[in-house]
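Please look over the model shown here before reading on. My notes are in numbered points.

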Amino acid sequence: MPIQKPYNINLKGNTVDAKDSIKVSWQSSGDMSTAFEVRIYRNQDNNLIYDSGRITSFAKTYPLPAFALPNGYEMKVQVTIWDSGNNFAVSDTEIFQTSSRPNVLVSPIGIVSSQSYEFSASYIQSEDVPLRSWIAFLYNKDKTLISQSNVRTSPPLVYLINYLKSGSSYFIEFQVTSNKGAVGTSGLIPFSVSYLQPDISINLEAKNIKNAGVQLSWKTIQIIGNTTKQPIYLNAEKLDLRDDVFTFTDGFHVDKDFTLKLWFEDIKSYTDLLVLKGQNGIMTLQYWDEDQRFHLFREVYNYRSHYASQPLTGSGYFLCIQQIGGDMNIFGEVN
């Protein structure tokens with residue numbers, strides 16, 4: 001059977017980094033080939049960029065040396081084969097891309113001092129090929145995947161992780177894909193977590209059920225927050241915010257129903273005592289000496305509103321902030 005032209009060239013439609021050794025492979029039928037030649041052209045002007053020359057071999061693969069091609073171009077590859085009678089067949093030209101693999105740089109981490117941390121990275125590509133997508137992964141100390149972000153298609157490369165455990169070690173990784181399909185990774189970046197933790201109390205309920213049984217039930221909702229500096233606790237249960245402010249950043253939705261109960265002692269006037277942040281808005285709480293009221297400022301979906309408690313005078317306060325069906329209530333008592 002006469003020698004047939006090579007087909008199924010592996011580079012077809014692919015993107016490769018020319019800094020790597022690139023393997024070209026193909027298939028053929030008919031008489032066995034005894035020699036081959038691989039030629040690669042720049043597609044835009046048909047300039048011959050690489051020619052292996054005729055190589056006597058039964059092989060159907062050929063490794064191009066690293067840096068044999070320039071990056072940042074659309075290329076086309078063509079394979080010629082010969083049989084023992086010096087008959088030859090030439091493949092169709094197949095298009096592929098050369099593009100540098102993106103670099104991903106992760107901002108310095110060090111020791112994470114809270115349950116939540118926002119990791120960030122930067123995307124760099126030598127030929128200025130835009131970003132197509134990115135994803136972030138979190139691994140435990142054994143390098144087992146425990147969490148990952150959604151696939152995102154635009155910068156910034158920022159991934160907020162919650163519920164990090166104090167005394168634990170982790171790895172973070174960002175993977176990016178360029179518009180030409182080249183993939184780059186930051187590798188596994190190690191970090192450790194260390195922060196103070198107050199005591200946590202859980203209300204446990206028990207009730208009798210049929211067949212002499214006891215049903216235990218409890219419900220705990222954890223809302224993650226941050227202070228502007230290392231938190232200080234009084235008696236291992238109260239957060240000292242006299243020179244600080246506390247911000248709820250995860251687990252709290254300013255546009256949904258909630259009831260928040262707070263106890264304050266020795267507060268400062270005209271400063272933010274509490275900041276409630278959500279995806280769709282923000283609330284801030286202050287106490288004003290001029291009218292002796294707590295003031296809540298709410299901005300949700302770009303709509304601003306202001307609420308105030310009844311007058312309260314003392315050194316300690318209990319405050320309840322409640323939102324039901326979009327209606328806001330704020331009231332308090334003097335301890």
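The points below go from the whole chain to its sheets, strands and rings.

1. Basis. This is a predicted model, in which local features need pLDDT of at least 70 and side-chain atom pairs count only at pLDDT 80 or more, while totals for chains, interfaces and linings use all residues. Residues are numbered from 1 along each chain as its sequence is written, and side-chain values use heavy atoms, with hydrogens and water left out.

2. Whole chain. The chain has 31 strands and 0 helices. Both are DSSP runs numbered from the N terminus (helices H or I, at least four residues; strands E, at least two). Of the 335 residues, 38% count as buried. Buried means under 20% relative accessible area, exposed over 50%, and partly exposed in between (1.4 Å probe, protein chains only).

3. Contacts. Take the contacts in the chain with a separation of 6 or more: 54% of them are between residues 24 or more positions apart. A contact means heavy atoms within 4.5 Å.

4. Sheet 25-30-31. This is an open sheet of 3 strands with antiparallel pairing. Strand 25 (258-265) and strand 31 (327-334) stand at the edges with a single partner strand each, so one side of each has no neighbour in the sheet. Neighbouring strands here are turned by 15° against each other on average, direction ignored. Axes are lines fitted to C-alpha atoms, for helices over the stretch in contact, and angles run from 0 to 180 degrees between N-to-C directions. Strand 30 (residues 316-324) pairs with strand 31 in the antiparallel sense over 8 bridges. Two strands pair if DSSP finds at least two bridges between them. Phenylalanine 318 stands opposite glutamate 333 in strand 31.

5. Sheet 10-12-15. This too is an open sheet of 3 strands, with antiparallel pairing. Its edges are strand 10 (103-106) and strand 15 (157-161); each has a single partner strand, so one side of each is left without a neighbour in the sheet. Strand 12 (residues 117-124) and strand 15 are antiparallel and share 5 bridges. Glutamate 118 stands opposite leucine 160 in strand 15.

6. Strand 27. How many residues of strand 27 are buried? The count is 7 of 8 for residues 281-288, so the strand is largely enclosed by the rest of the structure. Strand 26 (residues 274-278) pairs with strand 27 in the antiparallel sense over 5 bridges. Glycine 278 has glycine 281 as its bridge partner in strand 27. Strand 28 (residues 293-300) runs antiparallel to strand 27, joined by 8 bridges. There, threonine 284 has phenylalanine 297 as its bridge partner. Strands 27 and 28 form a hairpin with 4 residues between them, and glutamine 292 in the turn has a positive phi of about 55°.

7. Strand 16. Strand 16 (residues 169-178) is mostly covered, with 8 of its 10 residues buried. Strand 13 (residues 131-140) runs antiparallel to strand 16, with 9 bridges joining them. Alanine 136 stands opposite phenylalanine 174 in strand 16. Strand 18 (residues 189-193) pairs with strand 16 in the antiparallel sense over 4 bridges. Strand 17 (residues 183-185) pairs with strand 16 in the antiparallel sense over 3 bridges. Strands 16 and 17 form a hairpin with 4 residues between them; glycine 181 in the turn has a positive phi of about 90°.

8. Aromatic pairs. A search of the whole structure finds 15 aromatic pairs. Rings of Phe, Tyr and Trp (its six-membered ring) pair if their centres lie within 6.5 Å; planes under 30 degrees apart count as stacked, over 60 as edge-to-face and the rest as tilted. The ring centres of phenylalanine 119 and phenylalanine 191 are 4.8 Å apart with planes at 50°, so the pair is tilted. Phenylalanine 119 lies in strand 12 and phenylalanine 191 in strand 18, so the pair ties together parts 72 residues apart in sequence. Phenylalanine 119 counts as buried at 1% relative accessibility. Phenylalanine 191 is buried with a relative accessible area of 4%. Ring pairs also link Trp26, Phe36, Tyr50 and Tyr62 into a cluster.

9. Charges over rings. The charged end of arginine 42 sits over the ring of tyrosine 73, 5.3 Å from its centre. The charged end of arginine 54 sits over the ring of tryptophan 82, 4.3 Å from its centre. The criterion is NZ of Lys or CZ of Arg within 6 Å of the ring centre and within 35 degrees of the ring normal.
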